Amino acid sequence: MKYSYEFKKDPFGDLGLVLPEEISLFSDFIENIATEEQVDEYIEYTEKVLRGVYKEFEIELNATSVFIKKDVTTVVNNFRIEEPYENTIETEQFIELLLVWRKKIPEIFKG
């Protein structure tokens, strides 16, 4: 994983993903993924873009959307009050972030 990350509990006790400022909006998207199956689905779409099955792919999730292209993936949050409204990372790194979150899902969303 190229980017640093850590997990922190918010004041309500929910575990969140803390990312560097330049990619921080990806946590807005990723933290809304509640199941390992959902992560797997998003990874599958992303891998299809990387293999050229899709030229690009968009996933909308609550307030955020990700636009996946072969080289880069951009997250957009149009409901933010302050900039930035979007961040971009390498698509391979987007998959890595999804995998990091996938490993934490059983702990975060335990019964």
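Author: Helices here are DSSP runs of at least four residues marked H or I, and strands are runs of at least two marked E. The model is predicted.

Reader: In what pattern do the helices and strands follow along the sequence?

Author: The chain holds three helices and six strands. Read along the sequence, their order is β-β-α-α-β-β-β-β-α.

Reader: Why can the chain be called as compact as a globular protein of that length?

Author: The globule rule gives 13 Å for 111 residues. The chain comes close to this and is therefore as compact as a globular protein of that length, with a radius of gyration of 14 Å.

Reader: What share of the residues in the chain is buried?

Author: A residue is buried if its relative accessible area is under 20%. Of the 111 residues in the chain, the buried share is 40%.

Reader: How far apart are the mean positions of the positive and negative charges of the chain?

Author: The chain has 13 positive and 24 negative charges. Between the mean position of the positive charges and that of the negative ones, the distance is 5 Å.

Reader: Which residue in strand 2 is the bridge partner of Glu 6?

Author: Strand 1 covers residues 6-9 and strand 2 covers residues 15-18. The two pair in the antiparallel sense over four bridges. In strand 2, the partner of Glu 6 is Val 18.

Reader: Which residue in the hairpin of strand 1 and strand 2 takes a positive phi?

Author: Five residues lie between the two strands of this hairpin. A positive phi near 90° is found there at Gly 13.

How values were computed
Residues are numbered from 1 along each chain as its sequence is written. This is a predicted model: local features need pLDDT of at least 70, side-chain atom pairs count only at pLDDT 80 or more; totals for chains, interfaces and linings use all residues. Side-chain values use heavy atoms; hydrogens and water are left out. The radius of gyration is taken over C-alpha atoms; the globule rule is 2.2 Å times the number of residues to the power 0.38. Buried means under 20% relative accessible area, exposed over 50%, partly exposed in between (1.4 Å probe, protein chains only). Lys and Arg count as positive and Asp and Glu as negative; His and the chain ends are not counted. The place of a charge is taken as NZ of Lys, CZ of Arg, CG of Asp or CD of Glu. Two strands pair if DSSP finds at least two bridges between them.
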